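Hi everyone, thanks for making the time. Let me put the sequence and the model up on the screen, and then we can walk through them together.

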Amino acid sequence: IYTWAESNRKLFAALMLERMAMMVLLVLIVAIACISIVSVIFMFIFTRRKDVAILLSIGARRSEISLIFMKIGAYIGLIGTALGIAAGIGVCVYLRGHNLPLPSSYYLDHLPVVISWPFFTLVALCGIALSVLASVYPIRSGGRFETAGTFEVRIGCCTF
């Protein structure tokens with residue numbers, strides 16, 4: 001006696017390969033998005049250096065300023081994740097309503113679409129967490145805040 005899964009091993013192997021390829025593609029998209037968030041926050045820190053210097057001179061702590069930039073990264077991630085989840089759910093609902101036909105080489109006549117709410121929730125939480133983590137690097141490296149008017153010029157061994 002064979003189960004349906006055992007008699008169609010090639011189909012399940014092909015589905016597993018497609019799932020792995022989609023996972024790799026998703027990871028690459030998320031990595032590109034994280035690099036984009038890092039560059040946006042680097043540019044934001046660079047353009048706001050004078051404002052940061054003013055905040056430091058009136059008594060703001062470095063941790064408070066870092067928290068401001070981390071919130072910006074979280075907002076970027078929240079908006080991007082919300083748009084991505086909305087687009088993903090929209091595509092899934094569309095594909096569920098309009099059965100996408102498959103070639104005759106498959107055992108199924110149309111593409112089955114299942115909306116997995118735990119998966120969508122996990123993806124949303126990971127997207128937001130990765131955007132916050134992506135904002136940490138620019139804050140640590142580009143956020144070595146200096147006060148306004150302090151410049152160092154090194155010529156040889158002398159500092160001016």
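C92 is buried, with a relative accessible area of 18%; buried here means under 20%, exposed means over 50%, and partly exposed is in between, with a 1.4 Å probe and protein chains only. C34 is buried too, at 17%. And how many disulfides are there? The count is zero, taking a disulfide as a pair of cysteine sulfur atoms within 2.5 Å.

A word on where this comes from: the model is predicted, local features need pLDDT of at least 70, side-chain atom pairs count only at pLDDT 80 or more, and totals for chains, interfaces and linings use all residues. Residues are numbered from 1 along each chain as its sequence is written, and side-chain values use heavy atoms, leaving out hydrogens and water.

Back to C34. It is one of the buried residues of helix α2, along with L11, I37, V38, I41 and I45. Helices are DSSP runs of H or I, at least four residues, numbered from the N terminus. As a general point, an α-helix has 3.6 residues a turn, so residues three or four places apart point the same way.

C34 also belongs to the largest nonpolar core, which has 11 residues, including V52, F69 and A134. By nonpolar core I mean buried Ala, Val, Leu, Ile, Met, Phe, Trp, Tyr and Cys residues joined through side-chain atoms within 4.5 Å. Helix α2 gives the most to this core, with five residues. Apart from it lies another core, of six residues, with F120 and A124 among them.

Finally, G84 in helix α4 is partly exposed, at 44%. G84 and A124 are 40 residues apart in sequence, but 8.7 Å apart in space, C-alpha to C-alpha.

Conventions
Helix = DSSP H or I, 4+ residues; strand = E, 2+ residues; numbered from the N terminus.
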